[in-house]
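Hi,

Here is the structure I said I would pass on.

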Amino acid sequence: MTTAWMFKCRIVSICIVWYICSSVQSIVNKMILQHYNYPITVAIANQVLIPVLAIPFLRAWHVKEARLSKSQYRRYLLPIAVGRAIASSSAAFSLSLMPVSYQQTVKALMPLFAVVMGRCLLHERQTTLVYLSLLPIVMGVLVATVTEISFSLTGLIAALVSTATYSLLNILVKKLLKQADIHPVRLLAMTSQACAVVLFPVWLVKDAVPMAADIMSTSGSSVSSPSLHLLFLLLCSSVCSFGQNVCAFSLIHMLTALSYAVTNATKRITVIVASLLTLHNPVTGSNMAGMMLAVCGVFCYNQAKQYQKEHVVEKMSEGDDVSSPFLSGRSGRSLQLPITRSHTTLSDATLVAMDSGSSADVMYWATKKSNGVGGGSRLATVISSSNNRSPTFVLGSGNGLSIRNKNNVVS
């Protein structure tokens, strides 16, 4: 079997595991909340087990210990932990009030929140095409909402709060990954641990007391059965939550942004279909059409973002600074290189907040095989130059790329 076929098989295998983990987690969480109305318990269980499950992966990947400054703890890690506590508990609460399919449709609004927050907080401007690509997302969610049989206004508000909070977290995570020398999976473990600490007092008041009362009021041999059943479901949900994060992180490094957007949209469709077949919640034809329109809108949004990135590179290449270490490929035109760390959103393992604007980094450009290195991976590539000034090497890792030539060093 050739290397290309092995790479494709690996991509397909990871995607299958990703889809299974995402579908199982959503369905299991809904089953838990149907029988046990403890949304904070569902939220905190995932956060508690993620740091434990991350240990063997971090050791296998030889990820070094993270060293954050006090300022980074105060400005980024603590707000991310609080935000994750709000987002995860809101998501669990909304799931207790609405079907999985409808919640997944509401989550499709994340690009809208990302654009609005990017404009308000980072002063990022988007192209007209990007703004137009948001229309099918909004229209799809509106159609799905109007035709939703099990509509709950409280559940909708909770889902919107969760989606908006995750969009805000994307910005903080992106800034922290650029500033700190930390692996995204280790950051996931650290923020999950801090999030569990933040959620613990809320869990004691909201869920622990009612759970203890329910167990005490149950008599006979039936006392252990519901509690063991709940623990088993929570364990399955936590393992699947961590599994889909690892799969998404792996795919981010192996695919282009557009390819990842396709797999992510397919994942959302898979979760919706799996929940409909498993949980049998009633849907209408218009409701299903609205869901699919929203998901397709997310794909159109990512295509528009990719076109915008290419347009930015096209404009940057017109200057063609000969002293720049970002050397060119075709026609002597310079090309922006993917030199930053990979983004991970920590939000149901979805990649939504992508760089935009002339001051941002152009991320996740899959490179063609050149000089025997790269072969489509975003982790390593060789850059060619038509200016008789070739770089000696380009090395990719989880901490970014290092580029060196005679006159310039970029890391």
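Below is what I found when going through it.

Before anything else, bear in mind that this is a predicted model.

I started from the UniProt record. The entry is unreviewed, and its "transmembrane region" annotation covers residues 36-55, 76-98, 104-122, 129-147, 153-173, 185-204 and 230-252. I checked a couple of those stretches against the model. Residues 36-55 come out as 85% helix and 0% strand, with 30 Å between the end C-alpha atoms. For residues 76-98 the figures are 87% helix and 0% strand, and there the end C-alpha atoms are 32 Å apart.

**Helix packing**

As you know, a packed pair is described by the angle between the two axes and the distance between them, and that is how I give them here.

- α2 and α8: their axes are 7 Å apart and the packing angle is about 150°. With an angle over 145°, α2 is therefore roughly antiparallel to α8. The crossing of these two is left-handed.
- α4 and α10: the axes of α4 (residues 100-107) and α10 (residues 257-279) come within 8 Å and cross at roughly 165°. That makes this pair roughly antiparallel as well. Here, too, the crossing is left-handed.
- α5 and α7: the axis of α5 (residues 110-121) comes within 9 Å of the α7 axis, and the two cross at roughly 50°. So α5 and α7 are oblique to each other. Their crossing is right-handed.

**Salt bridges**

How many salt bridges does a search of the whole structure find? The search turns up two. In one of them, the side chains of D181 and K64 meet at 2.4 Å, N to O.

**A nonpolar patch on the surface**

Which residues form the nonpolar patch on the surface? They are L78, V82, I86, F151, L153, I157, V161 and V198, and together they have about 640 Å² of accessible area. Helices α3 (70-95) and α7 (153-179) each supply at least two residues of the patch. L78, for instance, lies in α3.

Cheers

Notes. Residues are numbered from 1 along each chain as its sequence is written. This is a predicted model: local features need pLDDT of at least 70, side-chain atom pairs count only at pLDDT 80 or more; totals for chains, interfaces and linings use all residues. Side-chain values use heavy atoms; hydrogens and water are left out. Patches are made of residues with over 30% relative accessible area and no salt bridge: like charges are joined within 9 Å, nonpolar side chains (Val, Leu, Ile, Met, Phe, Trp, Tyr) within 5 Å. Accessible areas come from the Shrake-Rupley method with a 1.4 Å probe; for residues, only the protein chains shown count as cover. A salt bridge is a side-chain nitrogen of Lys or Arg within 4 Å of a carboxyl oxygen of Asp or Glu. Helices (H or I, at least four residues) and strands (E, at least two) are DSSP runs, numbered from the N terminus. UniProt positions are given in the numbering used here, feature names are shortened, and annotations may be inferred rather than shown by experiment. Axes are lines fitted to C-alpha atoms, for helices over the stretch in contact, and angles run from 0 to 180 degrees between N-to-C directions. Angles under 35 degrees count as roughly parallel, over 145 as roughly antiparallel, 65 to 115 as roughly perpendicular and the rest as oblique. A crossing is left-handed if the near helix is turned anticlockwise from the far one by less than a right angle, and right-handed if clockwise.
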